[in-house]
Amino acid sequence: MVEKKDIEWGKLGFAYQPTDLSYVSIYKDGEWGEGTLTPDHTVTLSECSGILHYCQEVFEGLKAYTTKSGDIVCFRPDQNAKRMHNSALRLCMPPFPEDRFVDAVEKVVKANAAWVPPFGSGATLYVRPLMFATGEVIGVSPATEYQFRIFVTPVGPYYTGGVKPVKVRISEYDRAAPHGTGNIKAGLNYAMSMKAGVEAHEGGYADNLYLDPQTRTYVEESGGANFLFVDKDGKLVVPQSFTDSILPSVTRRSLVEVAKSYLGMEVVERPVKFQEVRDGEFVEAGMCGTAAVISPVGEVDEGDKHYVLASGMEEVGPVMKKLRETLTGIQSGKLEDKFNWVHKIDVD
Ligand code: PLP
Ligand code: COI
């Protein structure tokens, strides 16, 4: 058994701290080099690197957990590998092979086993794969050299308040363009949402609710998570984007299966008009993602109008609570893993 680091796991927020080793692989002369683990958590770049000028960067986020039986596992890493592949292609970057991605996640988590928070601590090890253009470019074109890295860092809840309901607001800005890059995990989308995010936080909101960038009529997602709603009939309503600008969240796609197969719920995936929120058609709402898990939303504000969900700001609604418990139960080994989502990492 690896001896764990002496950390107050329960007090961690969503912040970075360097751990023991990171993973790095270099792309040069048309191929990805053999990856290695490194204690160096810094990167040296040419001032003319593609990442610094034209933002060729994509990333991922997943978590490693300690299960009830003491195993170290992560959740559906193949899905992150696939999404990063798609993200890379969209930005004309050479995809990192998907099997090597999963292998690299295993290596880096294993190398930092002492940093994986213990079962029941409320914390997890956040795993951040990223890939960026190191090659020099001055005209607007894809670089010819790249770096793929993975670092890990122990984290607590992403939205402060943890599992308490949060408030969000409708943003006056868009986070993505119609048929742009909203459906991939590229740093540029987050740069785009930074101003809206800062202003939301200043106003006491956990995040923004972005409407579709074409008609500003439909609910898309937040700055760091997908939305879920529960209607008056108890159905789970999952917003779809007709402009292809919602990130395909692994958590959301898993929760759809959890709702159907574990909880016997009816799930409807469709475009969701914001008018339905205004009209009080939903009794619960939540934001879901790797970092957010499921964060219940108690209130959505639009300018000076306040729309309070029936579940309110005090209590987590019963459906969001059940979804969260079931998902985290599967991840931590308390519940049966019907779909083979939990990926064990051999550390001994
Ligand atoms: N939407 C955005 C904009 C995100 O940044 C994230 C986080 O990865 C998600 C949704 C949730 O995706 P996932 O569940 O794959 O973490
Ligand atoms: C994640 O959930 O992994 C993300 O990347 C969201 C990010 C905004 C922290």
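**Ligand shells and a helix pair**

Modeller: The shell around ligand 2 holds six nonpolar, three polar and two charged residues; Ala, Val, Leu, Ile, Met, Phe, Trp, Tyr, Cys and Pro count as nonpolar, Asp, Glu, Lys and Arg as charged, and the others, Gly among them, as polar. This is a predicted model, where local features need pLDDT of at least 70, side-chain atom pairs count only at pLDDT 80 or more, and totals for chains, interfaces and linings use all residues. Residues are numbered from 1 along each chain as its sequence is written, chains are lettered from A and ligands numbered from 1 in the order in which they are written, and side-chain values use heavy atoms, with hydrogens and water left out.

Colleague: Which residues surround ligand 2?
Modeller: Among them are Phe14, Phe59, Gly61, Tyr158 and Ala291, each with a heavy atom within 4 Å of the ligand. Tyr126, Arg128 and Lys185 also belong to the group.

Colleague: How far is the polar side-chain atom of tyrosine 126 from an oxygen atom of ligand 2?
Modeller: That distance is 2.6 Å, and a polar contact is a pair of N or O atoms within 3.5 Å. For lysine 185, a side-chain N or O atom is 2.8 Å from an oxygen atom of ligand 2.

Colleague: How much of ligand 2 does the protein bury?
Modeller: The protein buries 90% of the 290 Å² that ligand 2 exposes when taken alone, with areas from the Shrake-Rupley method and a 1.4 Å probe.

Colleague: Now ligand 1. How many residues surround it, and which are the closest?
Modeller: There are 17, and the closest are Tyr190, Glu221, Ser249, Thr251 and Thr290. A polar side-chain atom of threonine 251 is 2.5 Å from an oxygen atom of ligand 1; for threonine 290 the distance is 2.6 Å. Taken alone, ligand 1 exposes 380 Å², of which the protein buries 97%.

Colleague: Different topic. How do H5 and H7 pack?
Modeller: Helix H5 (residues 250-262) and helix H7 (residues 318-331) pack at about 105°, with axes 10 Å apart. H5 and H7 are therefore roughly perpendicular, a term for angles of 65 to 115 degrees.

Colleague: Which residues meet there?
Modeller: On H5 they include Leu255, Val258 and Tyr262, and on H7 they include Leu323 and Ile330; contact means heavy atoms within 4.5 Å. By class, this contact has seven nonpolar, three polar and no charged residues.

Notes:
A polar contact is a pair of N or O atoms within 3.5 Å; within protein, one must be able to donate a hydrogen and the other to accept it, and residues adjacent in sequence count only if both atoms are side-chain atoms. Axes are lines fitted to C-alpha atoms, for helices over the stretch in contact, and angles run from 0 to 180 degrees between N-to-C directions. Helices (H or I, at least four residues) and strands (E, at least two) are DSSP runs, numbered from the N terminus. Angles under 35 degrees count as roughly parallel, over 145 as roughly antiparallel, 65 to 115 as roughly perpendicular and the rest as oblique.
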